[in-house]
Amino acid sequence: MHNPLQDHPLLRGRVPGTTGYTQALRDLLPVITSGEDRDPMNLGRWEALRESHLKQTEPLRRSDHALALTPRALVGGFELSAYAAGLVVMIVAALILIAVLPRLPETVSLVLGVSLGLGTVVLVNHRYATLRRAALDRLGLLAPTDPPNLSGPHL
């Protein structure tokens with residue numbers, strides 16, 4: 001089945017499976033998901049191109065290409081996955097502290113749980129950013145420096 005995005009000017013002359021195609025896909029995502037001409041079907045088409053491209057990359061560099069092409073979900077500057085991890089740690093830590101140390105005031109248990117949760121958010125976000133930057137560096141791709149477009153997916 002023909003994917004209409006294959007003919008997009010940003011992909012013209014690029015070969016799937018190469019670093020140049022990865023950069024072109026990175027450049028294409030904000031173009032097709034913002035502006036007046038955006039089509040809700042384009043994100044699915046972009047994902048299909050991404051999957052096809054990743055299957056054609058070198059196996060040793062596939063994880064770098066995949067990380068470079070993983071859309072980011074930012075909330076307040078942090079990855080959404082970091083918030084989820086922090087929330088889980090916060091709840092589990094508070095429950096463990098309340099159950100294991102029943103004489104400890106609940107407020108202290110909750111404050112410790114929240115502190116551990118916030119620490120987890122920062123650590124997970126930092127780790128993801130470090131891995132992502134290293135993958136982009138290994139591929140020789142530019143890391144975005146402008147504030148992300150919060151109205152749609154971005155890389």
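I count helices (H or I, at least four residues) and strands (E, at least two) as DSSP runs, numbered from the N terminus.

**Entry 1: overall layout**

I am working on a predicted model, where local features need pLDDT of at least 70, side-chain atom pairs count only at pLDDT 80 or more, and totals for chains, interfaces and linings use all residues. Residues are numbered from 1 along each chain as its sequence is written, and side-chain values use heavy atoms, with hydrogens and water left out.

I then looked up burial (buried is under 20% relative accessible area, exposed over 50%, partly exposed in between; 1.4 Å probe, protein chains only). Of the 155 residues in the chain, 32% are buried. The chain exposes about 9,600 Å², and carbon and sulfur atoms supply 65% of that. These areas come from the Shrake-Rupley method with a 1.4 Å probe.

I also checked contacts, meaning heavy atoms within 4.5 Å. Among those between residues at least 6 apart in sequence, 63% join residues at least 24 apart.

**Entry 2: H1 against H2**

I took helix H1 (residues 19-33) and helix H2 (residues 41-56) next. They pack at an angle of about 175°, with their axes 10 Å apart. The axes are lines fitted to C-alpha atoms over the stretch in contact, and angles run from 0 to 180 degrees between N-to-C directions. H1 is therefore roughly antiparallel to H2, a label for angles over 145 degrees.

I listed the contact residues. H1 gives Tyr 21, Thr 22, Leu 25, Leu 28, Leu 29, Ile 32 and Thr 33. H2 gives Asn 42, Leu 43, Trp 46, Leu 49, Arg 50 and His 53. By class, I find 8 nonpolar, 4 polar and 1 charged residues. Here Ala, Val, Leu, Ile, Met, Phe, Trp, Tyr, Cys and Pro count as nonpolar, Asp, Glu, Lys and Arg as charged, and the others, Gly among them, as polar.

Is His 53 buried or exposed? His 53 is buried, at 0% relative accessibility. Leaving aside neighbours within four places in sequence, I find His 53 in contact with Pro 16, Gly 17, Thr 18, Tyr 21, Thr 22, Leu 25, His 65 and Leu 69.

Ser 52 is partly exposed, with a relative accessible area of 34%. Its C-alpha is 7.8 Å from that of Pro 16.

I checked the length of helix H5 (residues 106-139). Its 34 residues should span 50 Å at 1.5 Å a residue, and its end C-alpha atoms are 49 Å apart, which agrees. The expected span is 1.5 Å times one less than the number of residues.

The buried residues of H5 include Ser 109, Gly 113, Gly 117, Thr 120 and Val 121. Further along H5, Asn 125, Tyr 128 and Arg 132 are among the buried ones. Their cover includes H1, helix H3 (62-68), strand S2 (78-79) and helix H4 (80-100). Just after H5, Gly 140 takes a positive phi of about 75°.

Ser 115 sits in H5 and is partly exposed at 43% relative accessibility. Its C-alpha is 9.6 Å from that of Ala 93.

Val 88 lies in H4 and is exposed at 52%. The C-alpha atoms of Val 88 and Thr 120 are 9.4 Å apart.

Conventions:
Parallel < 35°, antiparallel > 145°, perpendicular 65-115°, else oblique.
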